[in-house]
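Work through the exercises below with the model open. Try each task before you read its solution.

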Amino acid sequence: MTDLVKDFRSAELLNELRERLRGMKFKKEIKIMEVCGTHTMQIHRFGIHQMLPEGVKLISGPGCPVCVTPNEYIDFAVELARAGYTVATFGDMIRVPGSYSSLEKVRAEGGDVRVVYSPMDSYELAKESGKPVVFLAIGFETTAPSIAATILRAEAEGVKNFYVLPGGKLVPPALRALSADPQLRISGYLLPGHVSVILGRKDYLFLKDLGIPGVISGFEPADILQSIILLLGLIKEGKAEVVNNYPRAVREKGNPKAKGMMWEVFREGDSKWRGLDLIPKSGLFLRRKYMGRDGFKVFDISPPEVRENPACRCGDVLKGLINPPECPLFRRVCTPENPIGPCMVSSEGSCSAWYKFG
Ligand code: SF4
């Protein structure tokens with residue numbers, strides 16, 4: 001395995017892995033869920049979903065942070081911008097439609113919506129402008145430590161006008177919820193690389209008790225092919241093991257310093273995910289000490305009643321119940337230029353991956 005990882009970009013290795021995968025045989029249907037939006041993109045970019053042996057299906061999971069953020073969160077951010085506050089966010093988020101509008105539309109109407117590349121950029125904006133700046137704190141364990149670091153810096157420097165809208169999500173509770181869903185019957189997980197850098201292999205060991213194997217994978221085509229082969233091997237042998245197939249980046253206990261910073265600022269709580277509804281202990285909320293920076297608590301905003309677009313099947317896509325082309329709007333009405341749901345907006349969204357790469 002180590003030799004293969006060293007040579008992960010060689011064409012010879014890719015061919016070898018492809019042949020090994022093609023040669024595998026299964027008597028029953030196998031469903032593998034890839035839990036990371038970047039994996040979804042890579043799988044479609046390199047046509048890996050078309051290299052699978054008969055009976056093996058890859059389904060996309062809720063691994064795109066923008067996609068799983070529910071409408072009520074977007075509606076609150078839209079109303080904040082309408083009320084004249086500066087809203088700072090990562091790029092994908094501004095085009096996501098909420099119940100009635102999007103941040104992009106509010107910006108076109110004159111709202112102060114800024115695209116930033118890091119939470120620290122939004123903090124610098126707050127320092128420079130002296131006005132209230134609200135950062136949309138969405139994302140998984142990957143982004144939470146840098147958001148926490150920014151809040152700690154604001155505290156240390158006594159900058160009072162920097163706020164966040166807590167919307168972070170935790171991957172392991174979502175895996176528990178998906179594993180318990182009788183509609184899905186997942187055979188194994190291709191586990192996310194970036195999130196695992198923070199979490200480490202140890203944080204997935206609960207999968208053993210659920211009887212479902214998982215393999216942590218990198219993002220090169222060879223990483224993904226090899227991880228799928230390993231996972232199929234575990235499924236075939238009935239072994240519910242958790243394998244770290246991304247040892248060049250992921251450690252057994254992850255990154256304890258980043259985790260420590262995250263838990264210093266955030267606490268876990270029940271959280272609503274688009275498509276998966278309320279998942280116990282799956283959200284990141286500010287601890288009492290930092291409550292004065294929570295935009296939900298500080299600003300008196302009353303968004304209109306939440307509305308879902310009944311035609312958009314994004315929720316079913318995120319849960320792995322359908323593939324994007326099964327949505328009647330896919331490609332006909334919903335395109336990256338005219339996205340109806342978040343799964344078509346985000347660069348990590350499944351609908352966007354299927355649209356771009358087929
Ligand atoms: S294709 Fe568009 S409308 Fe259909 S599920 Fe995806 S984002 Fe929603």
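**Exercise 1.** How many bridges join strand 10 to strand 11, and do they run parallel or antiparallel?

Solution. This is a predicted model: local features need pLDDT of at least 70, side-chain atom pairs count only at pLDDT 80 or more, and totals for chains, interfaces and linings use all residues. Residues are numbered from 1 along each chain as its sequence is written. Find strand 10 at residues 266–273 and strand 11 at residues 277–286. Strands (E, at least two residues) and helices (H or I, at least four) are DSSP runs, numbered from the N terminus. Seven bridges join the two strands, which run antiparallel. Two strands pair if DSSP finds at least two bridges between them. Now pick out S271: it stands opposite I279 in strand 11. Then look at the hairpin, with three residues between the strands. There G275 takes a positive phi near 90°.

**Exercise 2.** State the strand order of the open sheet, and find its edges.

Solution. Five strands form the sheet, in the order 2-1-7-8-9. Their pairing is parallel. Strand 2 (56–60) and strand 9 (242–244) each have a single partner strand, so one side of each is left without a neighbour in the sheet.

Next, take strand 1 (residues 30–34). Five bridges join strand 1 to strand 2. I32 stands opposite L58 in strand 2.

**Exercise 3.** Which residues are closest to the ligand?

Solution. Count a residue as near if its C-beta atom, placed from the backbone, lies within 6 Å of the molecule. The ligand is surrounded by 14 residues. The closest are C312, C327, C334, G341 and C351. Helix 15 (314–318) and helix 16 (342–345) each supply at least two residues of the shell.
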